[in-house]
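Here are my notes on the aromatic pairs and on one strand with its neighbours. Please read them beside the structure.

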Amino acid sequence: MQNQDKSFEAGALVRFVCAPPRWKGDAPRSPGNNLEGKLAVVLEGPFPGNHEWGGIFRVHAVASPCQTFSHWGDFMEPVE
C-alpha cells in the first residue's frame, strides 16, 4: 500500500496518531514511544521519504519535552 504525501502547511497544529496498516492483515502503526496524542506545530515539509509514509515533516512538539524533530506524515492528523 502506497500513501501520498500529506499536505500540512507550515504553522499547522497536528496530533500524532497511529498510521494505517501497510498491507492487508497488518496492524495500525504506532507513531513512536510516548508520541500518540501529543501535539506539534509543522515547521516545514513535506520532504520525500524512502518509506512512502506520507512524506517527512519538520515539527516542533508543543508539550514536554518541547523539541524539534522530523516525522512521517502518516502519523499526523490536523487539529481542527
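1. β1 pairs with strand β5 (residues 76–78) in the antiparallel sense, over three bridges. Within β5, Glu77 is the bridge partner of Arg15. Keep in mind that this is a predicted model.

2. β1 also pairs with strand β2 (residues 39–47). Three bridges join them, and the two strands run antiparallel. Here Arg15 stands opposite Leu39.

3. Which residues of β1 lie on its covered face? They are Val14 and Phe16. Leu13 and Arg15 make up the uncovered face. In a regular strand, side chains alternate between the two faces of the sheet.

4. The structure holds three aromatic pairs. In one of them, Phe8 and Phe57 have ring centres 5.2 Å apart. Their planes stand at 65°, over the 60 degrees cut-off, so this pair counts as edge-to-face. Phe8 sits in the segment before β1 (13–16), and Phe57 in strand β3 (residues 56–61). The pair thus links distant parts of the chain, 49 residues apart. Both Phe8 and Phe57 are buried.

5. Phe16 and Phe69 form another aromatic pair, and this one is stacked. The distance is 5.9 Å centre to centre, with 25° between the planes. Phe16 belongs to strand β1 and Phe69 to strand β4 (residues 68–72). They are 53 residues apart, so this pair too links distant parts of the chain. Phe16 is buried, as is Phe69.

Technical notes
Residues numbered from 1 in each chain as written. Predicted model: local features only at pLDDT ≥ 70, side-chain atom pairs only at ≥ 80, totals over all residues. Heavy atoms only, no water. Phe/Tyr/Trp six-rings, centres within 6.5 Å; stacked < 30°, edge-to-face > 60°. Helix = DSSP H or I, 4+ residues; strand = E, 2+ residues; numbered from the N terminus. Buried < 20%, exposed > 50% of the residue type's maximum accessible area, 1.4 Å probe, protein only. Pairing = 2+ DSSP bridges.
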